[in-house]
Amino acid sequence: MAKWNILLLEFEADVPLGKTLLQILGPNPDFRVAYRTCRELSIDEELSQIISEQNPSLILLVLPHLPLSGLDSLLRTLRTEAASAPVVVVVDADQEQLIELPRAGIADFIIPPLRNSEVLVRIRRLLNDVSQEEKTSRALTEKLGLQQLIGKSPAFLAEISKIPVIAKADISVMLSGETGTGKEMVGRAIHYLSSRASKSFVPVNCGAIPVELLESELFGHERGAFTGAAQARDGLIQEAEKGTLFLDEVDCLPQLAQVKLLRFLQSKEYRRLGSTKVVTGDVRIIAASNANLEQSVAAGTLRRDLYYRLNVVPIGLPPLRERAHDICLLARHFLAKYSAQLDSPAVDFSPEAERKLMLYDWPGNVRELEHLIGRVVVLCNQKIIQEDHIIFSGKHDNLIQLSFREMKENVISQFETNYVQSLLLAYKGNISKAARAAQKERRTFWELIRKYKIDVEKFKVANIHESGNPWV
Amino acid sequence: MKFNREQERQVHDYILAYLCNNPDAGDTFDGIVEWWLLHQRIKFETQNIAEAVRRLVAEGLIVEHREPDSRIIYRVNRTTAKDIQTRLSEPDPAE
């Protein structure tokens with residue numbers, strides 16, 4: 001198989017340079033050359049398709065003369081269509097005319113006479129340079145990609161350090177960890193650092209799909225396979241073809257789906273619901289769960305053979321309470337993220353606020369921390385976030401330090417604040433609609449907003465940033 | 001923080017360029033933020049820098065030297081120090 005695809009594009013076929021280049025390049029086991037002549041200095045649909053299918057490592061652009069109007073635009077199009085391929089211009093021109101070549105988008109130029117050895121050396125050097133660029137690009141992607149998994153605690157780093165090796169191995173992976181520990185982020189990192197990175201990553205939460213639909217969602221179905229199956233439909237395995245299927249809460253799979261999944265893992269074969277035809281699929285499965293899967297196996301909810309098949313390489317993500325030193329690191333990261341998104345003045349935490357964050361046990365882990373910081377940023381109008389700004393939605397907040405009356409007031413105000421905020425968020429800051437949903441007079445609802453100093457405008461903004469919305 | 005038009009256009013370009021290069025790719029919003037944009041930015045920067053280095057070598061302002069392990073080391077071309085100084089003090093013609 002040829003190492004490199006070269007696209008030789010000749011504009012105006014009567015120029016003999018293209019034919020000479022073809023002779024120099026082939027036959028050569030390292031190159032697969034596609035030769036195309038064009039009358040106009042533009043890229044038509046057919047050529048665009050060739051570029052997309054061939055994915056050339058290098059483009060040789062043979063031009064009749066210089067200067068040439070439209071060359072700039074042609075180079076721009078080539079950069080869009082074949083971003084990773086350097087373009088070499090081959091043109092019969094003298095040194096002075098070469099000044100007319102556009103500055104951007106050309107990796108090299110060759111002028112006649114075309115000498116076999118010289119042309120090949122220059123082309124090979126460029127192709128090797130591309131590989132070097134690609135290597136640098138991949139190394140950076142790995143480094144920066146993994147930096148998104150924030151944390152410095154040894155337990156966390158020990159697990160994260162497995163990712164690059166596991167990614168390249170193309171085997172099933174089982175991710176375990178409490179809810180909110182970042183299992184999907186790790187699954188995604190494994191996918192994007194693997195050879196499947198250019199294909200789809202399909203995450204599915206098995207616990208969120210009704211049991212009776214799970215099998216059809218995963219494997220697809222034929223028309224009429226069950227009541228309501230008016231049309232045939234591809235399953236998620238088909239959707240993830242050649243890519244990665246991330247099965248969260250895998251222990252929620254019904255028994256029949258578990259059998260089918262096991263068969264698929266063993267033979268790469270499956271049948272769509274209502275079909276007798278066996279289909280093959282090439283999908284990497286990454287499974288995840290927040291349950292103790294040994295217990296699920298013992299209880300009979302997860303098949304032992306499926307568990308062993310999925311658990312080829314286990315990764316266990318530690319809960320946030322066991323990564324105490326990462327709490328402030330993560331809190332600062334989320335603070336920077338939400339402050340920028342919501343245009344907030346908040347830039348740091350007071351020592352007391354940090355201490356409060358450190359003392360909490362974070363049952364919802366990193367996700368809970370992110371949501372909390374998002375909420376604090378929306379409500380805080382100061383540069384430094386104080387202890388009082390941090391209100392946990394859990395039940396553990398300094399219970400023993402307060403009297404019954406204080407605690408009751410605290411809980412009520414916490415409930416009222418959260419309730420009003422949730423409605424404002426749901427109705428995009430529209431007070432009348434929020435009040436109607438609460439079955440309260442608008443005036444009474446407004447009193448609550450005023451009492452808790454809730455900035456209604458911010459909820460209008462928060463809705464624009466859907467992804468950054470800490471309550472979704 | 002709101003994007004200006006140029007930033008918005010750049011993000012559009014990154015997403016579309018990623019999909020042009022990887023037509024079978026698919027992911028949720030998180031995947032686009034965490035990996036597609038990262039990948040595309042790295043690729044864009046690496047290509048631009050590689051192109052700039054090639055151009056500077058072609059112009060003779062920097063020289064390349066291939067090491068025994070085939071790595072290429074780039075250095076300034078000392079004979080062109082004056083040209084480099086002049087060039088750095090000149091305004092960018094594109095501006």
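## Helices, sheet, cores and interface

In this predicted model, helix α2 (residues 45-54) of chain A lies across β1 (4-11) and β2 of chain A, and its direction makes an angle of about 170 degrees with β2(A). Helix α3 (residues 71-81) of chain A lies across β1, β3 and β4 of chain A, running at about 165 degrees to β3(A).

The strands named here belong to an open sheet of five strands in chain A, ordered β2-β1-β3-β4-β5, in which the pairing is parallel. Its edges are formed by β2 (31-38) and β5 (108-110) of chain A, each of which pairs on one side only. Direction ignored, neighbouring strands of this sheet are turned by 20 degrees against each other on average. Within the sheet, strand β3 (residues 58-63) of chain A and strand β4 (residues 87-91) of chain A run parallel and are joined by five bridges, and A:Leu61 stands opposite A:Val89 in β4(A). In general, the strands of a sheet pair through backbone hydrogen bonds, in either a parallel or an antiparallel manner.

Turning to the nonpolar cores, the largest has 32 residues, and those with the most contacts inside it are A:Leu149, A:Ile160, A:Ile163, A:Leu175, A:Val186, A:Ile190 and A:Ile315. At least two residues of this core come from each of α6 (154-160), α7 (163-169), β6 (173-176), α8 (183-192), β11 (284-289) and β12 (313-316) of chain A, and likewise from each of α1 (5-21) and α2 (29-58) of chain B. The element that gives the most to this core is α2(B), with six residues. Apart from this core lies another one of 30 residues, which includes A:Leu236, A:Ile237, A:Leu247 and A:Leu261. In the largest core, A:Ile190 is one of the residues with the most contacts; leaving aside neighbours within four places in sequence, A:Ile190 is in contact with A:Ile163, A:Ile166, A:Ala167, A:Val173, A:Arg284, A:Ile286 and A:Ile315.

How many residues of each chain are in contact across the interface between chain B and chain A? On the side of chain B there are 32, and on the side of chain A there are 39. Between them the two chains bury about 3100 Å², with 48% of this area on carbon and sulfur atoms. Three salt bridges are counted between chain B and chain A, and the side chains of A:Lys199 and B:Asp24 meet in a salt bridge with an N to O distance of 2.8 Å.

A:Glu370, in helix α16 (residues 365-379) of chain A, counts as buried because its relative accessibility is 18%, which is under the 20% cut-off. Leaving aside neighbours within four places in sequence, A:Glu370 is in contact with A:Phe334, A:Lys337 and A:Tyr338.

Finally, some backbone angles deserve a check, since most residues other than glycine have a negative phi and most peptide bonds are trans.

| Site | Feature | Angle |
|---|---|---|
| A:Gly26 and A:Pro27 | cis peptide bond | omega about -5 degrees |
| A:Pro112 and A:Pro113 | cis peptide bond | omega about 5 degrees |
| A:Lys268 | positive phi | phi about 65 degrees |
| A:Gln439 | positive phi | phi about 55 degrees |

A:Pro27 is found in the loop between α1 (17-25) and β2 of chain A, and A:Pro113 in the loop between β5 and α5 (116-147) of chain A.

Definitions and conventions:
Residues numbered from 1 in each chain as written. Chains lettered and ligands numbered in written order. Predicted model: local features only at pLDDT ≥ 70, side-chain atom pairs only at ≥ 80, totals over all residues. Heavy atoms only, no water. Core = buried A, V, L, I, M, F, W, Y, C linked by side-chain atoms within 4.5 Å. Buried < 20%, exposed > 50% of the residue type's maximum accessible area, 1.4 Å probe, protein only. Helix = DSSP H or I, 4+ residues; strand = E, 2+ residues; numbered from the N terminus. Contact = heavy atoms within 4.5 Å. Pairing = 2+ DSSP bridges. Axes fitted to C-alpha atoms, helices over the stretch in contact; angles between N-to-C directions. Buried area = accessible area lost by both parts, 1.4 Å probe. Salt bridge = Lys/Arg side-chain N within 4 Å of Asp/Glu carboxyl O.
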